[in-house]
Amino acid sequence: MTAPLIVALQTLCCLGLGATILRLFGVSESLDWGARACWSFALGTGVLGWLLFPAGVLGLFDGTALALLLAAGACGVIFLRRPSSAIAGPRFDRVQWALLGLIGVAAAFDLLESLSPPADGDSLAYHFQLAKRFLAAGRLEFVPRALDGAVPLLVQMTYVPALGLGGEGALTLWTFVSGWGLAALFYTVCRRHLDITWSLAATLVLVTTPAMVFGAGSGQVEARLAMFAAVAAVAAASALGTGSLRYAALAGLAAGFFMGGKYTGLFFVAATGVVLLAGRGWLVRGAVFAGAALVAGGQWYGWNWYHTGDPVFPLLFGWLDYGDNGYWDAAHAELLQTAFFGEEQAVARNPL
């Protein structure tokens, strides 16, 4: 029973941290309760990963410190309280119940995956192994890989308390909960524009895509990153529609968490930033967005720069002087160009 309790505590921690952020930014009341809960979980997952970076640098990856962090974060759920006026839930018709049933079937399969021992090669050799390695060392370590360097690890940081406090069972169950956080968030985003039937249909499509079937219940980070991207996109649209700098900052925070979880998040930050430059007040809005994104995701790039001299190690090899750090050389750079960028290129580069 330890694993479900730890996952429940970590879920409450993420809800609490995210609800606190929404309250501090002053946007809680603009969201209905369901959307507020989903936004809180997504943002709280990012905040938890962000907080675990300094904890790891300070060597605080022990059971007591991790438990205290989760418990402290869970206190923020007081900001998630339901409105005083009771709102009746929607009445579903037969089509909607059928769609809910199919979504439930997909959830059941993912739950079975989370209850079984992990089998995905990437998870075992990398994503979960990193959490195990950091716990064994009691601190965060710099991890350069022979193929693709040292990538941002914000999402993998959230695996540390689950594994450290609840073992493998809590770790795999956490991937299920965090992966399906995207499904709940996606439904609330759809409901801003669609009716219940189409929102459920779109959610069913999402949870049965290969990326979700394969990755949501494993250590793969994409489902978690998609939560950040969804919040950032909606917040950016709200920033343009209302002119509110609070939404611009919230978009920067969510996009920064994406940037802190994978190098490709840099492209997402850039694309969202370009969108926010449209219209009046673009300079201040863009500066607020960029500052929030840098705070949320910049620490991993500083971590890489500190160890190698390259914030996006090893992408700037040949442009920056790496010195004699032993992490990278011309042979590795050539392998990256051929094995990573070359063989994984599905189609030839062309204007289309």
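This is a predicted model: local features need pLDDT of at least 70, side-chain atom pairs count only at pLDDT 80 or more; totals for chains, interfaces and linings use all residues.
1. Residues are numbered from 1 along each chain as its sequence is written, and side-chain values use heavy atoms, with hydrogens and water left out.

2. On the overall fold, the chain has 15 helices and 0 strands; these are DSSP runs numbered from the N terminus (helices H or I, at least four residues; strands E, at least two). The radius of gyration of the chain is 21 Å, close to the 20 Å from the globule rule for 352 residues, so the chain is as compact as a globular protein of that length. That radius is taken over C-alpha atoms, and the rule is 2.2 Å times the number of residues to the power 0.38. Along the principal axes, the C-alpha atoms fill a box of roughly 65 × 55 × 40 Å.

3. Now for burial and surface. Of the 352 residues, 48% count as buried (buried is under 20% relative accessible area, exposed over 50%, partly exposed in between; 1.4 Å probe, protein chains only). The chain exposes about 17,000 Å², with carbon and sulfur atoms supplying 68% of it; areas come from the Shrake-Rupley method with a 1.4 Å probe, and for residues only the protein chains shown count as cover.

4. A nonpolar surface patch deserves a look: Val105, Phe109, Leu111, Leu112 and Leu115 together have about 510 Å² of accessible area. Patch residues have over 30% relative accessible area and no salt bridge, with nonpolar side chains (Val, Leu, Ile, Met, Phe, Trp, Tyr) joined within 5 Å and like charges within 9 Å. Leu112 is found in helix α4 (residues 94-115) and counts as exposed because its relative accessibility is 55%. Phe109 also lies in helix α4 and is exposed, at 57%.

5. Finally, the count comes to 2 salt bridges (a side-chain nitrogen of Lys or Arg within 4 Å of a carboxyl oxygen of Asp or Glu). In one, Glu222 pairs with Lys262, the closest N and O atoms being 2.3 Å apart. This pair links distant parts of the chain, 40 residues apart: Glu222 is in helix α10 (residues 222-242), Lys262 in the loop between α11 (245-261) and α12 (265-276). In the other, Glu141 meets Arg133 at 2.8 Å, N to O.
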